[in-house]
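Trainee: I would like to go through this model with you and learn what stands behind each label.

Mentor: Gladly, let us open it up.

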Amino acid sequence: MNVLRAAWGIVTGHMVTLKYLFKRKSTIDYPRVPYPHPERFRGVHELRKYDDGLERCIGCELCAVACPANAITVIGAENDPAAPTSPGQRYGYRYEIDMLRCIFCGWCEEACPTDAIVLTPKFDIADYTRERLVYGKDRLVVTDPFKQHLANTESAAQTEPGVI
Ligand code: SF4
Ligand code: SF4
């Protein structure tokens, strides 16, 4: 009798496995399969340039003031008239975002008067030290807007509709 009960337990266990074997998986094989971002996903920032190569950021610090997590540090400086960095009088001499403090709310993007700071679908930024997760201009400024536009278009093609 005990043997029968044990055998029945095995059969019912396998039936549960079989029931789910051919169902649509709710997990993905990340990182081999890209994560399907919702349409309005907010990830790692970029500092954009104009098509002529000048930086959009004018060092006004509005993004830093708007940031509820105190994650942004901006220090502006006067542009050199002979070789300006941005079209305005000033530019962002130092610009840093502490990704460990950031809550990816997007308020910096809303506050920026020149559309310089933009949140992108990029999200896989794990690293080994806290210092490396403070992004400076070397990692935030997009050097080739056209190439970046193409990359974002490809990234958007992998998204699925939804709102977070
Ligand atoms: S997304 Fe929000 S928390 Fe992150 S830097 Fe911008 S304003 Fe600050
Ligand atoms: S990113 Fe925009 S809001 Fe922030 S300092 Fe530059 S221009 Fe001002």
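Trainee: Which residues does Ala 77 touch, not counting residues up to four places away in sequence?

Mentor: Ala 77 touches Gln 89, Arg 90, Tyr 91 and Tyr 93, where contact means heavy atoms within 4.5 Å. Bear in mind that this is a predicted model, where local features need pLDDT of at least 70 and side-chain atom pairs count only at pLDDT 80 or more, while totals for chains, interfaces and linings use all residues. As for conventions, residues are numbered from 1 along each chain as its sequence is written, chains are lettered from A and ligands numbered from 1 in the order in which they are written, and side-chain values use heavy atoms, with hydrogens and water left out.

Trainee: Why is Ala 77 called buried?

Mentor: Buried means under 20% relative accessible area, exposed means over 50%, and partly exposed is in between, with a 1.4 Å probe and protein chains only. Ala 77 has a relative accessible area of 18%, so Ala 77 is buried. In the protein, buried residues make up 30% of the 164 residues.

Trainee: Where does Ala 77 sit in the fold?

Mentor: Ala 77 is in strand β2, residues 72-78. Strands here are DSSP runs of E with at least two residues, helices are runs of H or I with at least four, and both are numbered from the N terminus. The protein has 5 helices and 5 strands, and from the N terminus on the elements run α-β-α-β-β-α-β-β-α-α.

Trainee: What makes Asn 70 stand out in its backbone, and is its side buried or exposed?

Mentor: Asn 70 has a positive phi of about 55° although it is not a glycine. Most residues other than glycine have a negative phi, and most peptide bonds are trans. Asn 70 lies in the loop between α2 (62-66) and β2, and its relative accessibility is 55%, so Asn 70 counts as exposed. Asp 115 also has a positive phi of about 55° without being a glycine; Asp 115 lies in the loop between α3 (107-111) and β4 (117-119).

Trainee: Which peptide bond is cis?

Mentor: The bond joining Tyr 30 and Pro 31 is cis, with omega about 10°. Pro 31 belongs to the loop between α1 (2-21) and β1 (45-47).

Trainee: Why is the contact of Arg 32 with Asp 29 called a salt bridge?

Mentor: A salt bridge is a side-chain nitrogen of Lys or Arg within 4 Å of a carboxyl oxygen of Asp or Glu. For Arg 32 and Asp 29 the closest N and O atoms are 3.0 Å apart, so the pair meets the definition. Arg 32 is exposed at 68%, whereas Asp 29 is partly exposed at 40%.

Trainee: How many salt bridges are there in the whole structure?

Mentor: A search finds 7. Among them, Glu 46 and Arg 48 meet at 2.9 Å, N to O; Glu 46 is buried at 1%, and Arg 48 is partly exposed at 22%. Arg 132 forms another with Asp 127, also with N and O 2.9 Å apart. Salt bridges that share partners join Glu 46, Arg 48 and Lys 122 into one network.

Trainee: Which residues come nearest to ligand 1?

Mentor: Of the 13 residues around ligand 1, Cys 67, Cys 102, Cys 105, Gly 106 and Cys 108 come nearest; a residue is near if one of its heavy atoms lies within 4 Å.
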